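Reader: May I ask how one reads burial, salt bridges and enclosed spaces in a model such as this one?

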Amino acid sequence: MSLLKSALRDKTFVCVMEFVPKPSAERFAAMEAIMARGHLCGWPMTVAIGDRVGSPLDLSPLDALSSFSKPVPALPHFSGKDRERHDLLAQLKSMDAAGLDQMLLLTGDRLPGHQPGERPVRYLESVAALQIAREACPHWLLGAALNPFKYREEEGGAQYLKAQKKLAAGADFLTLQLGFDASKHLEAMQWMGRQADPKPLLACLMSLSHGRAAMLEHVAGVTVSPSMRDMLEAEAAVSKAYAQARSVDRLALQIIGVKSIGYAGVHLSGVHELEQLLALEARIQDWQARIHSQAQWATAWAESWQMPGLPAVTFHPPQAAWRQGQSQVSATAREKLRYHLLHGFHALLFSRNNWLSKAFGWAVRRPLWASDNGTRWLHSLERSVKRPLLGCDTCGRCRLEDTLYVCPETCPKGLANGPCGGTALNRCEFGDRECIHSVKYRIAKAVQQTEVLAERLIPCIEVHTRHRSSWPQWFAPQAPGRLSPRPKLRNPPESSPQAVHRQ
């Protein structure tokens, strides 16, 4: 059994060290030195191998693992960025052959250089990837991400609704995206505690300096408020050593804080040298000896964000400060009217149970449309009707009924199950539009259909169905959206020497 699986099963606090696999012998040697120590404050450590994080020159997780001089316990990532089902199945097969049986599945951030309006880049989103991986590897440890650091109701509510889908699709644990707002860490933990089958949560943490804050401005989905930046700038003005010591102190306090409220472990980012790890451990031990209550921790945490002459730091952006449970928004009259018109039209033509729908279904399934010319003509007809109205890209398997008639193809990543973590105040990561899932949330709330956003798991679109009419398949005897059976990969016994060696 892998180190991470054992720790989560036994409720042992665990430390996951993030590693971005750039082709650098020094980086690999530094991470090997960290992993050779094997623990942080007695907590077991494993390494998370990032996938397609930045440069195209980054190694794949499996190539990175083979580049270590000694085997390390690892949690490989899989990013759905510019990927399809067959890419995931190939990675699962390769990992299985290597004796690996755990993975963190992520949709992925924007592909570098991809701009709105350019050739669509398809993303295998995490919900569909979890379904595929769980079906192929039923006994693997699978994780996914949650970003609770959202400050508008639509984007925050949609994040939690999608997280419910991730749990239903087979996630064994969730890793939070990077954040510094302690109230949001507590919010996510309380949300998980209300689920029917709560799963472990890991908190992604990083020591924050003025330089890193400037870098994070370009990382989608990470919130660093103006008052945070002002305080970090004031620290840096004192001295580099002072600012560094304060940032390590805050990270130590964050680790203690999330551990105290029930997190299963931490996913540490930005620790690249053994010296950094030892300095962090010393500060954790010092704070552990001094903090004996949540009140003491809260006081120390607040003081760690204070500088003379500056107002108190707030972790939310000035424009919004939503917390889960607050209900403030509703759909516009236009959004509601559009939904009701499209819902009525759908019931009339696509319900499959009235005479008009049955007649339409009979018509589009005539043999004429199965010929090459007929297929092209029917595709052109559907596209000409639906694209101006919905932004349709004729994916070949229409999902509008499950997305409240907001077409997922209008998302630059083509996401159907919910938002990625990269939104900011409802704005898409690409910056040119409101996130369609925020629109979808407002509509669902207005028409009392929010359970649709939590319960309907929408599988990925297969490559061979794209740019074909969805109408014949919609009326086929097999309901659209059903996943076809897939062969299961060999699951290596947990006690096998190879599995233990590589984990």
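Reader: Is Glu-235 buried or exposed?

Author: Burial is judged by relative accessible area: buried means under 20%, exposed over 50%, and partly exposed in between, with a 1.4 Å probe and protein chains only. Glu-235 has a relative accessible area of 1%, so this residue counts as buried. Please note that this is a predicted model, in which local features need pLDDT of at least 70 and side-chain atom pairs count only at pLDDT 80 or more, while totals for chains, interfaces and linings use all residues. Residues are numbered from 1 along each chain as its sequence is written, and side-chain values use heavy atoms, without hydrogens and water.

Reader: With which residue does Arg-250 form a salt bridge?

Author: A salt bridge is a side-chain nitrogen of Lys or Arg within 4 Å of a carboxyl oxygen of Asp or Glu. The partner of Arg-250 is Glu-235, and their closest N and O atoms are 2.6 Å apart. Helices (H or I, at least four residues) and strands (E, at least two) are DSSP runs numbered from the N terminus. Arg-250 is also buried, because its relative accessible area is 3%.

Reader: How far apart in sequence are the parts that Arg-442 and Glu-154 tie together?

Author: The closest N and O atoms of Arg-442 and Glu-154 are 2.9 Å apart, in a salt bridge. Arg-442 is in helix α16 (residues 436–446) and Glu-154 in helix α6, so the bridge joins parts 288 residues apart in sequence. Arg-442 is buried at 9% relative accessibility, and Glu-154 is buried at 6%.

Reader: Which parts of the chain do Arg-134 and Asp-172 link?

Author: Their side chains meet in a salt bridge with an N to O distance of 2.7 Å. The pair joins helix α5 (residues 126–136), which holds Arg-134, to the loop between α6 and β7, which holds Asp-172, 38 residues apart. Arg-134 is buried at 16% relative accessible area, whereas Asp-172 is partly exposed at 22%.

Reader: How many salt bridges are there by this rule?

Author: The count comes to 32 salt bridges. Salt bridges can also form a network, as among Arg-122, Arg-383, Arg-387, Asp-393, Arg-399, Glu-409 and Arg-466.

Reader: What volume does the largest pocket have?

Author: On a 1 Å grid over the protein atoms alone, a pocket is an open set of points with protein on both sides within 12 Å along at least five of seven lines; in a cavity, a 1.4 Å probe fits but cannot get out; lining residues have an atom within 4 Å of a point. Grid points are joined across faces, edges and corners, and a volume is the space filled by probe spheres set on the points. The largest pocket has a volume of about 1300 Å³. Its lining comprises 50 residues, with Glu-18, Val-53, Asp-109, Gln-177 and Val-219 nearest the centre. Among the elements that each supply at least two lining residues are β1 (14–19) and α6 (153–169).

Reader: Which residues are closest to the centre of the largest cavity?

Author: The largest cavity has a volume of about 150 Å³. Of its 18 lining residues, Tyr-123, Gly-414, Cys-460, Ile-461 and Arg-466 are closest to the centre. Arg-466 is also one of the residues in the salt-bridge network.
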